[in-house]
Amino acid sequence: MPSPPQNSSSSTNLDEKTWKSAPLLMLMLVLPVVTFITTYAISLSNGKQQYPYLFLSVSIESKPASCIGTFGLSLTCLLAPFLAFIRYSYVRKEIQSQLGADHDDYEKVKLWNRRNLYLAIFAGIGGHGVSSFQSTTEEGGSKALVGIHLIFATWFFFGGSSYCFVSHWLDKKLPDLGTAKERMWRKLFCYGTLAQFFTICVFFPFIVFFFGASDEMIAIMSFVEITMLGTFMSTYITFIDEFKNMSYRIMVFRTDRHYSLHETDPATSNFM
């Protein structure tokens, strides 16, 4: 992340240490996979989850799977917006270098790059809501709790699908953003998540409401939900090469100086 101008009294007190972004991205990608493998293994083995109800949310309904699911998914939903902010900063520089302030679409592309960051934050909050409000009517649960869970699930998938769509739109406006293969995969994930979102949130509810749901239909709905999460998260996979060349530093700024987690002068260090 770019640092603002520094005054002479503080610049000599700061270590230039940064953290590489790629390991954090890899953690965010691996964490939900490990989380759901664990929760499915527990829930299927103890009988809390059975065919055809193979939804992601059913795997985290009952303890101890719910504890593992809430921890893993909440951490994932915290990391995703942070990583989206790192890429937002990178794309902002690409907009300046590839388009320039005189380009007709300069302000428009800047605006949608910022909105894409908001969509990642929006999706992260929705995902945290999904993990916090498990869709169970047992052990003190209620239909209202199921309703809250479904609202957050729709919130999460809408935010995730929109993030994929805007990422692809940015690719079309910035021809040198990423490799041809990365751009191709982002296009695929974009239209894939939109199709899956429509299927799981519009088509299937319509069919169930008017015609009911067979076991096969419920199993297919479960499969689409699982693959939709995978498609959305796979968009972040296309950022790996970019993140290999990026680092970040956590700092806090005040009018007279700024603070870092790494101070070189003990007499002036002020950890916050």
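**Group meeting: helix packing and salt bridges**

Gly192 sits in helix α6. Its C-alpha atom is 8.7 Å from that of Ser161, a residue 31 positions away along the chain.

Before going on, some conventions. This is a predicted model, in which local features need pLDDT of at least 70 and side-chain atom pairs count only at pLDDT 80 or more, while totals for chains, interfaces and linings use all residues. Residues are numbered from 1 along each chain as its sequence is written, and side-chain values use heavy atoms, with hydrogens and water left out.

Now the overall layout. The protein has 8 helices and 4 strands. Helices (H or I, at least four residues) and strands (E, at least two) are DSSP runs, numbered from the N terminus. In sequence order the pattern is α-β-α-α-α-α-α-α-α-β-β-β. Of the 272 residues, 46% are buried. Contact means heavy atoms within 4.5 Å. For contacts between residues at least 6 apart in sequence, 73% join residues at least 24 apart.

Next, the helix pairs. Two packed helices are described by the angle between their axes and the distance between the axes. The axes here are lines fitted to C-alpha atoms, for helices over the stretch in contact, and angles run from 0 to 180 degrees between N-to-C directions. Angles under 35 degrees count as roughly parallel, over 145 as roughly antiparallel, 65 to 115 as roughly perpendicular, and the rest as oblique.

Take α5 and α6. Their axes come within 9 Å and cross at roughly 150 degrees, so α5 is roughly antiparallel to α6. The crossing of these helices is left-handed, a term used when the near helix is turned anticlockwise from the far one by less than a right angle; clockwise would be right-handed. On the α5 side the residues in contact include Phe157, Phe158, Ser161, Phe165 and Asp171, and on the α6 side they include Arg186, Phe189, Tyr191, Leu194 and Phe197.

What is the crossing angle of α2 and α7? The answer is roughly 160 degrees, with the axes coming within 9 Å; α7 covers residues 215-237. That makes α2 roughly antiparallel to α7. This crossing is left-handed. From α2 the contact uses Leu25, Met28, Leu29, Pro32, Phe36 and Tyr40, and from α7 it uses Ile226, Leu229, Met233, Tyr236 and Ile237.

On to the charged pairs. How many salt bridges does a search of the whole structure find? There are 4. The criterion for a salt bridge is a side-chain nitrogen of Lys or Arg within 4 Å of a carboxyl oxygen of Asp or Glu.

Glu242 pairs with Arg87 in a salt bridge, and their closest N and O atoms are 2.8 Å apart. Because Glu242 lies in helix α8 (residues 240-244) and Arg87 in helix α3 (residues 65-98), this pair ties together parts that are 155 residues apart in sequence. Are Glu242 and Arg87 buried or exposed? Both are buried.

Arg186 and Asp171 also form a salt bridge, at 2.7 Å from N to O. Arg186 is buried at 1% relative accessible area, and Asp171 is buried at 2%.

Asp241 and Lys244 form a salt bridge with closest N and O atoms 3.5 Å apart. Here both residues lie in helix α8, 3 residues apart, about one turn of the helix. Asp241 is partly exposed at 42% relative accessibility, while Lys244 is exposed at 52%.

A few local features remain. A cis peptide bond joins Tyr51 and Pro52, with omega about 5 degrees. Pro52 falls in the loop between α2 (21-45) and α3. Lys63 and Pro64 are also joined by a cis peptide bond, with omega about 5 degrees, and Pro64 lies in the loop between α2 and α3.

Last, Ser74, which is found in helix α3. At 17% relative accessibility Ser74 counts as buried. Leaving aside neighbours within four places in sequence, Ser74 is in contact with Gly69, His128 and Ser131. The side chains of Ser74 and Ser131 are joined by a polar contact of 3.2 Å. A polar contact is a pair of N or O atoms within 3.5 Å; within protein, one must be able to donate a hydrogen and the other to accept it, and residues adjacent in sequence count only if both atoms are side-chain atoms.

Technical notes: Buried means under 20% relative accessible area, exposed over 50%, partly exposed in between (1.4 Å probe, protein chains only).
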